[in-house]
Structures are given as structure tokens and as C-alpha cells.
Amino acid sequence: MTTSNSLYTSLHGVQVLAQVEKQAQYESKTSQADILTQSALSFVVLLHRTFNATRLQLLQNRMNLQRDLDNSAKLDFLKDEFTTKIRNDPTWTGPTLAPGLIDRRTEITGPPERNMIVNALNTPVKTYMCDFEDSSTPTWSNILNGHVNLYDCIRHQIDFVNKTNGKTYAVNWDTNTPTLMVRPRGWHMDEKHILVDGQPLSGSLMDFGLYFYHNAKQLLENGTGPYFYLPKMEHHLEAKLWNDVFNVAQDLLGITRGTIRATVLIETLPAAYQMEEIIYQLRQHSAGLNCGRWDYIFSTIKRLRSSATLPNRDLITMKVPFMEAYCKRLINICHRRQVHAMGGMAAIIPIKNDVEANEIAMDKVAQDKLREAKMHYDGTWIAHPALAPIANNIFNDYMPTANQIHIVPDENVTAEDLSNTKIEGGVITTEGIRLNVYIALCYIESWIRGVGCVPINNLMEDAATAEVSRLQLYTWCKNKVFLDDTKQALTPKYVGEILDEEIAKLQKVYNSPKFQFEKAGNYIRQELGGELVSEFLTTLLYDEVTTIGSPIDLQYLKP
């Protein structure tokens with residue numbers, strides 16, 4: 001079977017193992033069937049068949065690096081002729097800043113749920129990153145409905161009435177409406193509901209391909225463009241792969257190369273050693289780098305798991321030496337190469353019914369944003385609309401220009417600085433164990449139910465923050481750390497006892513069969529005493545949210 005467009009690939013060997021709804025849920029009348037059409041699927045499959053072998057090899061390279069690190073290898077800046085030349089050549093820069101991406105002082109993020117898209121677009125921020133990754137559980141319906149919502153958003157037809165409570169959601173479209181960016185799933189994620197030649201489709205290429213195919217030209221008509229955030233990369237060749245995908249996709253649709261812009265989240269420890277190379281690989285498509293702080297902490301714990309342990313998670317602030325080194329290096333490199341350096345997420349959310357506690361929490365947000373503005377970041381992230389005035393006011397005071405790219409702060413960060421995880425006063429305590437258990441339990445349980453963005457203890461937790469909790473429990477047990485409060489060696493048995501206690505507490509509070517804390521606990525328990533740990537929580541749990549069915553007849557998809 002082929003599509004009507006000869007540029008695209010045959011759908012022979014392609015299986016869709018889930019239903020595609022033809023009934024629209026909202027007033028716009030856009031349905032899942034309008035998104036997963038024959039032509040759109042063919043476009044995505046062509047990208048997958050062209051690039052998947054490279055993707056899989058790059059993922060294997062990550063495992064090879066982990067093996068070397070577990071055998072006492074050290075991370076370092078690359079020393080081959082190609083990368084050395086890139087770093088030593090002062091003449092190359094990123095592209096001219098794209099329309100809608102010149103001033104990015106405050107960016108809000110959230111999953112592609114319809115009400116949250118409307119709320120984000122009504123927030124007084126400059127840009128909005130709609131997230132198919134860490135804040136969205138990749139159920140089949142979440143993914144396709146997310147694309148329905150973005151399709152309608154870009155055509156200004158996303159307004160709707162909530163049928164449950166009658167509440168109306170409407171975007172106040174004007175010149176201040178935030179510029180849209182989209183974060184696809186990382187290279188490690190598969191889409192098991194679609195098989196191509198017997199293998200799962202790349203989740204990254206599905207998210208990128210469907211969005212780009214349906215919306216690139218409309219975005220250009222709207223005066224912006226197809227803009228992306230790229231997560232979880234660990235090597236500059238992974239950025240090159242994205243750049244190759246961008247070029248092929250633009251060529252297929254007759255769109256000028258360089259129209260796409262992408263900001264890379266430097267949220268893995270290996271990528272921190274290759275920031276300059278990553279920008280270079282994307283060059284005409286680069287929109288800068290972002291300090292993805294929570295995933296960066298998670299990656300540091302994961303990659304250095306055989307040689308280092310980090311203390312209680314609340315002690316790992318942006319001011320500890322290895323985090324400060326990472327930030328300084330990122331800002332210097334971005335500004336030397338004339339692209340944006342974006343700050344990290346404020347995960348704190350407003351505390352209702354406790355004025356004093358809320359004031360303390362909001363002051364923490366303000367201090368964090370003040371640190372970023374003074375370090376000469378070009379903008380920052382928030383997860384809740386109520387934080388926008390705080391971030392805006394601080395960046396307005398300290399950044400009167402549209403960005404701070406013209407300021408290149410000095411830095412003398414060494415390879416050792418990036419991996420030096422010693423933290424003065426760092427402790428590991430029973431309370432730290434209990435907090436990690438509680439957060440991991442609550443998040444995993446919610447993710448299994450299809451909710452990927454969860455308020456826990458007045459923080460908006462996504463997969464990245466839950467990963468920190470999960471990996472700390474694993475490494476503390478693996479390395480048999482001594483607790484600073486009890487002076488006892490930590491064992492999987494002891495953590496298991498705390499796990500049982502927290503499960504019992506949560507089951508008492510959430511007394512309903514729909515909550516699955518025991519199942520969530522089993523995922524934590526299985527890693528405590530083992531030598532192997534899952535690379536990502538999302539891949540560990542993915543089969544929980546797949547609903548594989550019989551192949552549908554692709555002839556019944558829209559052309």
C-alpha cells in the first residue's frame with residue numbers, strides 16, 4: 001500500500017496496533033483520524049526507516065560508555081581532531097535568532113492536555129514548551145490527543161467547554177501570546193503501538209514527524225515556525241542525528257533548511273562535556289541550550305553510580321560546585337556562539353491555605369530566578385502560571401534587553417569540576433530515604449494511571465524529579481552507604497521496610513482500588529538489591545501503559 005505522495009514511503013510492513021478514533025472530542029471537530037492519516041504516517045515511517053539504525057547504535061554507545069565508567073573510566077572533553085577543531089575555531093556561530101525566539105525571559109512548560117495548553121497560552125510569558133516527554137505519560141490516547149490539541153491550537157480553534165463542569169476554556173489571542181515550542185520524546189523511547197518492519201516506531205520521530213508534517217507550514221503563516229526542545233541527548237552525534245532528521249523533513253515538505261529551530265536540554269552529564277559540539281552539529285537549526293537541572297542530577301547519579309554517591313536530594317542545589325560549574329560553562333559557550341542560554345525549572349507551586357509557607361516558597365523561587373538573571377541566562381522555566389510574575393519581574397529588572405547573549409562571562413571549568421560531586425555538609429539520612437521512597441511511590445503510581453505531571457509536597461514532580469529519588473535509592477543500596485543519623489550501613493531490606501510503611505500510609509489515605517501503590521512499590525523494590533538498574537523510569541514502566549490490540553486496516557485511515 002502506498003500513499004498518494006510519491007515522496008513518501010510504502011506502508012507495507014507497517015502495523016498500527018491500536019484504534020484511531022474518528023469521533024472528535026471537541027468543538028473544532030478535529031479527531032485522532034485527522035492526525036494519523038496515511039500520508040502523515042508514511043512521512044513518519046520514512047523518517048524512521050532512514051534513521052532508526054543510527055538511533056539504535058547511538059543508544060548502544062550510551063551503554064558502552066556506562067560499562068567503561070563502571071570500570072573506572074573518567075569523563076573528559078573529547079580530544080579527537082574534529083571536536084578539537086570545533087572548540088578552537090572562534091568564527092562559527094549559531095543562526096540569526098528566529099521570529100518569536102528573540103526574547104525568552106520566561107518559558108512555561110506542561111503536558112499537551114487541552115486545558116493546560118489554554119492556560120499556558122494565557123500566561124504572561126514569552127514562550128511555552130508543550131511537553132510529550134517527562135510530564136506526559138505516553139499512552140496511545142495521550143499522544144494522539146496531544147497532537148489533536150496542538151493542531152487546533154496552531155489554527156486558533158482550541159477553545160472548548162469542559163463537559164464535566166461546564167467551564168469554558170478560551171485563549172486570549174494577541175501579540176503577547178507565547179511562542180509555541182514542542183518537546184518530543186527522547187531517543188530512548190519507543191512507540192510500541194506502531195510497528196515498522198516488525199520493530200517499534202521511534203517515539204521521538206513519531207512526535208516530531210506528526211507535529212512537523214501537520215503544522216510546519218501553518219506555523220510559518222502564523223509568523224513563527226516549527227520550534228522544538230530536544231531532551232536526554234548524551235553525545236554530539238545524537239544532535240547530528242536530529243539535524244539530519246530536520247534536513248530531510250524540511251526537504252520533503254519543501255521548507256527551507258534552517259526553518260526548524262531546536263533548543264537542546266543539557267540534562268545529562270556526558271552532554272555537559274560536549275556542549276560546543278552539540279551546538280555545532282545543529283548549527284543553522286540551533287536555538288541554544290537549557291540547563292535541565294533535575295535530569296542533570298539524575299544523569300550524574302546514574303552515570304557515576306559506581307564511583308560516587310550524592311547526599312539527600314534537598315541538599316543538591318544549583319549552588320553546589322558541580323552544578324555551578326555546569327551552569328557557568330553552558331552560559332559561556334552559548335553566548336560565545338551567539339545562541340540562548342536558558343535557565344532551569346522552578347518546580348515549586350503555590351501553597352494554598354498557608355500564607356506563611358507560601359511566602360517562603362515563593363521567596364525560594366525569587367532567589368533562584370535572581371541567581372539565574374545575575375549569571376546572565378537569557379531566560380528561565382516555570383511550571384505554574386502563578387510563578388510568571390516573579391520570574392518576569394526579576395528578569396525585567398536585571399535584563400533590560402531582549403536577551404543577554406552579548407554578555408560572555410568568564411569561566412574556567414575543568415573536566416574534573418563537572419564530575420566532582422563532593423558536597424560540603426552533604427548527608428544521607430533516614431528522612432532522605434523516606435522522602436525519596438514517598439516521591440517515587442506517588443509519581444510511579446500516577447504515571448501508571450496515565451498522569452505524568454504530579455503535585456507532590458508542593459512541588460510539580462515529573463519523571464526527572466522522580467528519577468532522582470529512584471536512582472538515589474538504588475545507588476545508596478549498591479554502594480552500601482552509612483546513614484549519618486543512625487551510623488548504620490544501608491541495606492535493601494531496610495529500604496524495603498520503609499517502602500512497606502509508606503505504601504501502607506498511602507493506601508490508607510487513598511482508599512480506592514484505582515490507586516496502585518503496591519504495584520508502584522514493586523518497581524522500586526526490584527532494583528534495590530540488583531546490579532542492574534533501568535536506564536529510565538519511563539522505559540521501565542512503559543508496558544504498563546501500552547494497550548496493544550490487533551492491527552487495524554490501514555486502508556481505512558484518511559489519505
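**Entry 1: Asn479**

I looked up Asn479 and found it partly exposed, with a relative accessible area of 29%. On this scale, buried means under 20% relative accessible area, exposed means over 50%, and partly exposed is in between (1.4 Å probe, protein chains only). I am working on a predicted model, where local features need pLDDT of at least 70, side-chain atom pairs count only at pLDDT 80 or more, and totals for chains, interfaces and linings use all residues. Residues are numbered from 1 along each chain as its sequence is written, and side-chain values use heavy atoms, with hydrogens and water left out.

I placed Asn479 in the loop between helix H16 (463-478) and helix H17 (492-509). Helices here are DSSP runs of H or I with at least four residues, strands are runs of E with at least two, and both are numbered from the N terminus. Next I asked what Asn479 is in contact with, leaving aside its neighbours within four places in sequence. I found Arg305, Ala308 and Thr309. Contact means heavy atoms within 4.5 Å. I also checked Leu41: 438 residues separate it from Asn479 in sequence, and the C-alpha atoms are 47 Å apart in space.

I found Thr538 in helix H19 (residues 537-541). Is Thr538 buried or exposed? I noted a relative accessible area of 9%, so Thr538 is buried. Leaving aside neighbours within four places in sequence, Thr538 is in contact with His188, Met189, Trp447, Ala463 and Glu467.

I then turned to Gln38, which sits in helix H2. Gln38 has a relative accessible area of 11%, so it counts as buried. Ser512 is 474 residues from Gln38 along the chain, and their C-alpha atoms are separated by 42 Å.

**Entry 3**

I traced an open sheet of 3 strands in the order S1-S7-S8, with antiparallel pairing. Two strands pair if DSSP finds at least two bridges between them. Which strands are at the edges? I found S1 (14-16) and S8 (199-202), each pairing on one side only. Neighbouring strands of this sheet are turned by 55° against each other on average, direction ignored.

I counted 3 bridges between S1 and strand S7 (residues 190-196), in the antiparallel sense. Val16 stands opposite Ile194 in S7. Helix H2 (residues 38-70) lies across S1, S7 and S8, and runs at about 105° to S8. Axes are lines fitted to C-alpha atoms, for helices over the stretch in contact, and angles run from 0 to 180 degrees between N-to-C directions.

I looked at strand S12 (residues 341-346) and found it mostly covered, with 6 of its 6 residues buried. Strand S11 (residues 286-291) pairs with S12 in the parallel sense over 2 bridges. Asn290 has Met342 as its bridge partner in S12.

S12 also pairs with strand S13 (residues 379-382), parallel, over 3 bridges. Met342 has Gly379 as its bridge partner in S13. Ala346 stands opposite Ile382 in S13.

I then checked the other pairing of S13. Strand S2 (residues 106-110) runs parallel to S13 and is joined to it by 3 bridges. Ile108 has Ile382 as its bridge partner.

I recalled that in a regular strand the side chains alternate between the two faces of the sheet. In S13, Gly379 and Trp381 are on one side, Thr380 and Ile382 are on the other, and all are buried.

**Entry 2: H9 against H11**

I noted that two packed helices are described by the angle between their axes and the distance between the axes. For helix H9 (residues 275-282) and helix H11 (residues 321-336), the axes come within 9 Å and cross at roughly 35°. Which residues of H9 make the contact? I found Met275, Glu276 and Ile279 of H9, against Tyr326, Arg329, Leu330, Ile333, Cys334 and Arg336 of H11.

**Entry 3: the record**

The unreviewed entry gives "domain: Malate synthase N-terminal" at residues 27-78. That span is 71% helix and 0% strand, and its end C-alpha atoms lie 53 Å apart. The unreviewed entry also gives "domain: Malate synthase TIM barrel" for residues 179-418. Residues 179-418 are 47% helix and 18% strand, with end C-alpha atoms 33 Å apart. UniProt positions are given in the numbering used here, feature names are shortened, and annotations may be inferred rather than shown by experiment.
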